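Open the model in your viewer and keep the sequence panel beside it. The tour below goes from one selection to the next.

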Amino acid sequence: MFFSLSPLFYLILSILFFRFVWIVPYPHPLALLVAGLIAFLQRRYRKSVFLKSSFRKNFFSVLPAMEILFFVGMLIASWAYSGVLLTMIQAGILFLQPDYFLPSLAVVAAIAAMVSGSSWTTAGTLGVALMGVAEVISFPGTMAAGAIVSGCYFGDKLSPLSDTTNLASSLTHVPIWKHIQHMLKTTCISFGIAILGFYILNLYVLNSHANAELSLKPGLIFSLPSSSILWIKLIPVILVFGSSFFKLHIRISLILGIVSAIGFSIVELGIQWQIWETLVFGFESNTGNEVLDRFLSGGGVVAILPTEILILSAVWFGAVVEGYGYLNEILIKIKIWAKDKWDILLSTMATSFLLNLVTADQYLSLVIPARAFRSLAEENSIPEKDISRSLEDSGTITSPLIPWNSCGAFMSTSLGISVMSFFPFAFFNLFHVILSVSLLLIEKNKFKSS
């Protein structure tokens, strides 16, 4: 088992080395490449016919995510250039009060994700603006990002429009509404605990000396009165989220947001080469306000490239782990260990998390465990809805907490905060995994004692 898990040990050691010993700007891609190389050399004597196929499969599984990331980079740049992002920040300051700021972020993000059916759409659009609000009122960005990620994944998990919710439902042959209803029992409790946690954290920030003037700063940032906000510039936002009702692909929604924002720019400034340059290289804000300029500057295709390299590095690592049999050995040992209903459900969750680590794709973290444990579940008369909930309790929930996973990379790139920085504040994701595992262990102990 040690040799089967050795690639993960190599990965952890490589990350620690490149973060704290030989410090490099982008430690995770390099750590994934090194860990994958060591794992490859460790079994170089084996002739693997699966390495190329594993790499190809993993690459094509993350290719849509990589493509969407490019569109998000252009969306952020176009919204910053056209003033859409500034309008969203101004609107957020009008409605989000510092006294309940962190809980409000989580609730607003949850509603948006439930409506759109996508945590990515919410984080890449509304999430960016909410981070801007946090920036201008000097709320810690790490905490704000944790609240936004929590809300995004709560809403995504319970939305009938969500691709992961529909995937988990279809893989286990559970009707979508039955699947959502079964998840409500634990998901709502976890989110309620998270909201309480954000409220307590909010009180701590408000009471800290460093943020004593928190509620005074919005008035200093914007010279325009609230009545002067150009609400018409929220049309691109409405198009992005409204298209979800027609079940358009997220790619189409983002293109609508980009094109409409460019349309505003052309109406106001005419056709200029600068807008096309901004889509590639990002927007450079010159409002004269240092805080605002620091936030509004960025976006573009170039800003996405480090994230794309990170995902490709994870694809290489996952291909080695899968192609040289490490992953299969772990799955076999897990299936041998699983003896009863609770072991199987815990194994499903553990496998989903493991696949999030090694494949960098949350879809594979749902598909492979569903196939691997389907027969065991049938043999032990486990309700299909329990399997579908276990898949989401781990596969969906833990994906944004892993820096090289496509979801973690997307959240980090969109919100401008590293995964390891917002990780401690993603209360919903953390509480939900702890609650789900704890309930399974309690039920198992009750059964044994009876």
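**First stop: two helices**

Select Phe 101, Leu 102, Pro 103, Ala 106, Val 107 and Ala 110 in α5, then Phe 191, Ile 195, Phe 198, Tyr 199, Leu 201 and Asn 202 in α9: the two groups are in contact, meaning heavy atoms within 4.5 Å. By type, the residues of this contact are 11 nonpolar, 1 polar and no charged (Ala, Val, Leu, Ile, Met, Phe, Trp, Tyr, Cys and Pro count as nonpolar, Asp, Glu, Lys and Arg as charged, and the others, Gly among them, as polar).

This is a predicted model, in which local features need pLDDT of at least 70 and side-chain atom pairs count only at pLDDT 80 or more, while totals for chains, interfaces and linings use all residues. Residues are numbered from 1 along each chain as its sequence is written, and side-chain values use heavy atoms, with hydrogens and water left out.

Now show α5 (residues 101-116) and α9 (residues 176-207) as whole helices: they pack at about 145 degrees with axes 7 Å apart. Axes are lines fitted to C-alpha atoms, for helices over the stretch in contact, and angles run from 0 to 180 degrees between N-to-C directions.

**Second stop: Leu 256**

Select Leu 256, which lies in helix α12 (residues 250-269). Then pick Leu 75: its C-alpha atom is 9.4 Å from that of Leu 256, although 181 residues separate the two along the chain.

Select Cys 188, whose nearest cysteine sulfur, in Cys 152, is 17 Å away. Cys 188 is partly exposed, with a relative accessible area of 36%. Next select Cys 407, which is buried at 1%. The closest cysteine sulfur to that of Cys 407 is in Cys 152, at 11 Å, too far for a bond.

**Last stop: the whole chain**

Zoom out and colour by secondary structure: the chain has 22 helices and 0 strands (DSSP runs numbered from the N terminus, helices being H or I of at least four residues and strands E of at least two). The C-alpha trace spans about 65 × 50 × 45 Å along its principal axes. Of the 450 residues, 57% count as buried.

Technical notes: Buried means under 20% relative accessible area, exposed over 50%, partly exposed in between (1.4 Å probe, protein chains only). A disulfide is a pair of cysteine sulfur atoms within 2.5 Å.
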